[in-house]
Each structure stands twice: as structure tokens, then as C-alpha cells.
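Here is a quick look at how two chains meet, followed by a stop at one residue. Have the viewer open as you read.

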Amino acid sequence: MQFGIFSVGDVTPDPTTGRAPTEAERVKSLITIALKAEEVGLDVFAQGQHHNPPFVVSSPTTTLGYIVAKTEKLVLSTSTTLITTTDPVKIAEDFATLQHVADGRVDLMMGRGNTGPVYPWFGKDIRDGIPLAVENYQLLRRLWREDVVNWEGKFRTPLQGFTSTPRPLDGVPPFVWHGSIRSPQIAEQAAYYGDGFFHNHIFWPPEHTERMVEFYRRRFEHYGHGSADQAIVGLGGQVFMRKNSQDAVREFRPYFDSAPVYGGGPSLEEFTSQTPLTVGSPEQVIERTLGFRDYVGDYQRQLFLIDHAGLPLKTVLEQLDILGEEVVPVLRREFAALKPAHVPDAPTHASLVAAAGCAKDATVPAPADAVTGRTVEGAQA
Amino acid sequence: MATRTLAVVSAGLSTPSSTRLLADRLTAATVDALRARGDDTTVEVVELRGHARDLADDLTSGFANQPLQTAIDTVVGADGLIAVTPVFSASYSGLFKTFFDVLDKEALTGKPVLLGATAGTPRHSLVVEHAMRPLFAYLRAVVVPTGVFAAAEDWAGGGIDRSLAGRVERAAGELAGLVTGRPVAARPADPFADPATSFEELLKGR
């Protein structure tokens with residue numbers, strides 16, 4: 001099982017001091033957090049994509065590209081890549097490039113985004129959220145898998161004889177997770193392609209997660225990718241830890257009480273009982289996290305949210321120390337002992353290359369013949 | 001003979017509450033009217049006062065806690081709905097509006113509804129028509145023609161009370177007529193049932 005962290009990249013004032021980091025500080029802090037994640041032995045760092053304040057994560061591949069150069073094993077991912085408002089051609093190119101830079105240590109999580117105004121800024125309409133996710137992702141898959149693409153759809157300029165470059169590393173596109181909180185169509189999409197399904201599993205009761213994952217697993221089997229319990233599931237989670245659970249609650253409360261996503265609503269105690277948020281000792285986090293398996297089954301990736309709501313960088317790094325030293329080693333051992341042999345691990349670049357038979361030559365093929373329209377599809381296979 | 005479920009939403013804030021009193025009168029009359037048409041009725045009352053904090057929490061967190069979710073399921077799954085609010089600042093109360101705000105926007109589509117309101121003065125008597133009916137029209141509920149408004153003096157008895165009783169009876173008869181004309185309510189469609197439309201159809205943009 002892979003363990004890691006995911007960040008939404010918000011700039012939020014620290015309620016205990018009133019001070020917000022500058023954008024420069026926040027961008028750099030994401031990098032510091034990612035490097036620390038590798039140092040403490042985590043597997044994955046994932047970064048969100050937003051195009052509006054208070055977020056600073058509009059350009060994930062820039063940050064992830066830098067982190068790749070400074071790390072050796074960490075898998076870099078997104079949480080999420082906006083498949084609705086980002087041109088799929090640009091996603092194909094950006095992430096194929098990142099794959100080469102990263103020697104394959106990269107995957108993606110697709111999401112729709114939920115802030116209404118962002119859609120029109122990119123010439124889209126939020127009411128088309130699902131159709132955009134369906135059409136754009138289909139195009140993205142073809143751009144990665146077919147050397148020359150002729151394509152026409154509803155939302156984007158048609159493509160004739162288009163080759164997305166660079167071609168994916170070793171001929172194998174990055175593994176894709178589809179993230180959604182409660183849209184069955186997105187779980188269906190993940191199941192249809194045999195891709196991973198990620199539930200962010202924070203801010204809402206676990207019943208939503210359970211229903212979505214169960215549906216995804218059932219449909220994964222329906223589409224013939226394997227048995228339901230072999231489907232590839234990722235979960236989020238949110239924790240705040242101190243050795244003593246009372247200290248954790250006392251320290252986290254001001255952040256909870258004023259955080260934009262929580263403030264003014266249910267109390268910290270209500271929220272921790274109603275959602276997977278866990279504020280307490282490392283032992284409590286271990287117990288709660290192991291309990292996720294009870295309602296989603298054996299799953300492949302667990303990402304924690306630890307760096308939002310204005311928590312200072314120093315505190316976030318302390319959380320990473322606790323995760324790396326006390327929590328994740330126990331979770332790794334316990335989850336591994338429980339997992340049946342036929343349940344696969346999360347796909348990696350190496351496992352995808354092995355599944356494809358071998359690495360393919362990634363030489364750019366000749367473009368389509370402009371006169372006959374004939375493409376090289378098939379000729380290279 | 002069928003057994004119908006009737007959900008009753010009362011937004012009264014005091015105990016005892018004249019809003020609840022009107023809701024109870026409307027409920028009893030509707031149960032009688034359904035019995036006269038040959039149907040038994042199961043009544044489920046949702047007192048919004050008990051969910052005031054749950055509703056505020058839902059506004060900020062985006063999800064209903066368990067007690068509120070149970071109340072929502074009761075209303076959404078009922079064959080008919082009686083909804084009664086006190087008049088606050090010339091309209092339904094904020095508590096009443098919030099409950100209908102947190103429902104899915106399709107949750108009441110086609111549902112037979114009887115509307116009632118209470119106030120201290122008869123000068124608010126058009127609140128049902130001017131405030132409540134547009135709200136339920138937006139929600140695409142089927143609202144009976146008679147809305148029942150009760151001012152303080154309507155509870156005084158005598159001729160006025162007979163007038164209130166007449167309105168209650170007429171409205172209850174209208175609601176019972178709509179309810180019996182329909183199949184017993186099914187639960188809302190399960191969004192996690194296996195899709196009726198294949199993913200191939202979605203890919204084709206259908």
C-alpha cells in the first residue's frame with residue numbers, strides 16, 4: 001500500500017497569529033513539505049490545481065518537476081488535475097514531459113473542480129462538468145495511446161493528424177486516478193477504463209465514500225478488469241497528531257474553528273465523529289485509518305491532508321515526522337498482513353511497463369500523410 | 001386499500017406551538033379524508049425546532065448529520081406532505097426555508113403538498129399565496145389549491161373557528177384526493193444503481 005500526503009495549496013492566515021504566508025512562502029513550503037515526505041519514508045506527494053485565490057497551485061507540473069529533481073523515490077501526483085477546464089492536449093504534453101523528467105515517478109488524479117467562476121474563466125460552463133470530464137478524458141487517453149490522432153468533439157477545436165509530444169515514457173502513459181466525492185458517473189468512468197478511483201474522504205461522512213467505492217468496484221468487475229476486490233482504490237484522510245490526544249485537540253481547535261471549510265459549523269468533536277477527520281494521538285490515527293478498510297475493502301493508496309487551514313510549516317513538518325516514524329510503519333505492516341494475495345498493489349511505472357510486455361521505443365513517429373490522410377497507426381505496433 | 005405515508009413539517013418554535021396545532025389539525029383531517037377514500041395512513045412529524053442546529057451545520061458543512069438525514073428521508077419518501085410555518089417578517093421563517101434549502105432540488109418534484117401558516121394577525125393571510133406557494137412551485141411540488149392560514153383570532157372559537165375548520169377540511173380533502181390518485185411513493189431513484197445508460201452512450205455525448 002502506498003502512503004502519502006495531498007495538499008490543496010491554500011494560503012490561509014494562521015488564526016493564532018493572524019499572519020498569512022506570502023504566495024512565495026507557500027509555494028516554497030509545498031516543496032519543503034514534499035521533500036520532507038520523502039525523507040520520512042512516505043511514497044506519494046500529491047498537489048491540487050486551483051485557479052483562484054487563496055490557492056497557489058495553478059501550475060502543478062512546475063512544482064512537481066522541481067520536486068522530482070530533489071527526490072529519488074517519491075511518486076508525484078496531482079489532487080486533482082482539472083480535466084474540465086484544462087485543455088487535454090496540454091495535460092497530455094505536460095505530464096508526458098514530467099514522466100520523462102521523473103523517470104516515470106508520476107501519476108495523475110482527475111477531478112472536475114467545484115468553483116463556479118473558474119469554468120467561465122476557461123471558456124467552459126460548470127453545468128457541463130460531467131460531459132467535459134467524459135469527453136476531455138477520452139481525448140487525453142487517445143493522445144497518450146495513439147501516435148497520430150484525428151479527433152472531433154463538442155468542447156474543443158478538432159484535431160487532424162495531431163501528435164502529442166513527447167510520447168509517454170516507454171510507451172506507457174501515467175496511471176490515472178479519478179477523484180469524486182459523490183458523482184456516480186465519475187466512479188463509472190474509472191471503472192470503465194480500469195483506472196483507479198480516489199475518494200477524497202474528508203469533510204464528509206464516510207457513508208459517501210463507502211457508496212462510491214462499492215459502486216466503482218462493482219462496475220470495475222462489470223467491465224471485465226478483474227474482480228471487484230481487485231479494483232484500484234485510493235482514499236484521502238485528514239489528521240492532526242500530538243503524543244497526547246488532549247494536546248492535539250487543544251492545538252488544532254483554533255485552526256478548525258476558523259478554517260474556511262469548517263468554521264461556524266459543527267464543533268471539532270462533532271466533525272471528528274461525523275467525518276474521517278482524526279485529531280488525537282498517533283495510536284488513534286492508526287486505529288481510525290485501519291478502520292477505513294472495514295468499509296472500502298483492501299485499498300491501494302492512502303493520502304493524508306496535513307497542511308491546510310493556516311497550520312504553520314513547522315507544525316506540518318512535525319506532523320510528517322510523526323506520520324513517518326510512528327504511524328505509517330505500523331499501517332504498512334498491518335494493512336500488508338490483512339491484504340489477500342490476489343489484491344494488486346497500486347500500479348507504478350515499472351509495473352505498467354511490465355504489464356505492457358516491455359518498454360516501447362518512444363521515438364516520435366512520422367506525422368500523418370497530408371495528401372492521403374493515412375496515419376501511421378498500426379504500422380508502428 | 002393502500003397504506004399512505006404522510007410527512008408533516010412544522011416550523012413552530014415555541015412549545016406548545018400554534019403552528020404545530022394547525023399542522024395537527026390538517027393532519028387529522030387528511031387522515032380522515034384518506035380513510036374515507038379507503039386508505040390507511042402512517043404519519044411522520046418533523047419538528048424543525050429539534051433540527052435547528054443540524055440545519056445550520058448542514059449549511060456550513062454541506063452534509064446532513066444523522067438526525068437531520070432521517071428527517072429529510074422521511075419527507076422525501078412520503079406520499080404527501082403537510083408543511084406549516086409561522087410568519088416571520090411577512091414570510092415563512094428562516095428555519096422553514098433552510099429545511100427546504102438543504103433538500104436536493106429534485107427531492108419534492110411532483111409531491112402532493114398542503115401548505116399552512118400561522119400568525120398573530122390576519123393581515124398576513126396572503127403569506128401562503130405570496131411566499132410559500134412560489135417556493136413550492138420552484139421545487140415543482142404539486143400544491144393543493146387551498147392554503148390554510150390561521151391568525152390568533154381563528155383559534156378563538158365561534159364562527160371564525162368554523163371558518164378555519166372548513167378551510168382545513170377542504171384543504172385536507174384536496175390533499176387526500178391527490179395522494180390517492182397516485183401510486184404509493186417509491187424511494188427516490190438510487191443514484192448508485194447500475195447505470196441505465198452505458199458509459200459508451202456518455203462517451204457519444206448522449
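## The interface

Contact here means heavy atoms within 4.5 Å. Keep in mind that this is a predicted model. By that contact rule, chain A brings 26 residues to the meeting and chain B brings 16 residues.

Together, chain B and chain A bury about 1900 Å², and carbon and sulfur atoms account for 62% of it. On the chain B side, look at B:Phe63, B:Phe192 and B:Phe199: they supply 40% of the area that chain B buries against chain A, more than any other three residues.

## Charges and polar pairs

The rule picks out 3 salt bridges across the interface of chain B and chain A. One of the pairs to click on is A:Arg219 with B:Asp194, a salt bridge whose closest N and O atoms are 3.8 Å apart.

As for where chain B's touching side comes from, helix 2 (52-61) and helix 7 (199-203) of chain B each supply at least two residues. That side of chain B splits into 8 nonpolar, 4 polar and 4 charged residues.

## A stop at A:Gln302

Now over to chain A, where A:Gln302 sits in strand 13 (residues 301-304). Is A:Gln302 buried or exposed? A:Gln302 has a relative accessible area of 0%, so it counts as buried.

What does its side chain meet there? A polar contact of 2.7 Å links it to the side chain of A:Tyr299, and a polar atom of the A:Gln302 side chain lies 3.1 Å from the backbone oxygen of A:Gly236. Beyond four places in sequence, the contacts of A:Gln302 include A:Met1, A:Phe3, A:Leu235 and A:Phe292.

How values were computed:
Residues numbered from 1 in each chain as written. Chains lettered and ligands numbered in written order. Predicted model: local features only at pLDDT ≥ 70, side-chain atom pairs only at ≥ 80, totals over all residues. Heavy atoms only, no water. Buried area = accessible area lost by both parts, 1.4 Å probe. Salt bridge = Lys/Arg side-chain N within 4 Å of Asp/Glu carboxyl O. Helix = DSSP H or I, 4+ residues; strand = E, 2+ residues; numbered from the N terminus. Nonpolar A, V, L, I, M, F, W, Y, C, P; charged D, E, K, R; others polar. Buried < 20%, exposed > 50% of the residue type's maximum accessible area, 1.4 Å probe, protein only. Polar contact = N/O pair within 3.5 Å; in protein donor to acceptor, adjacent residues only side chain to side chain.
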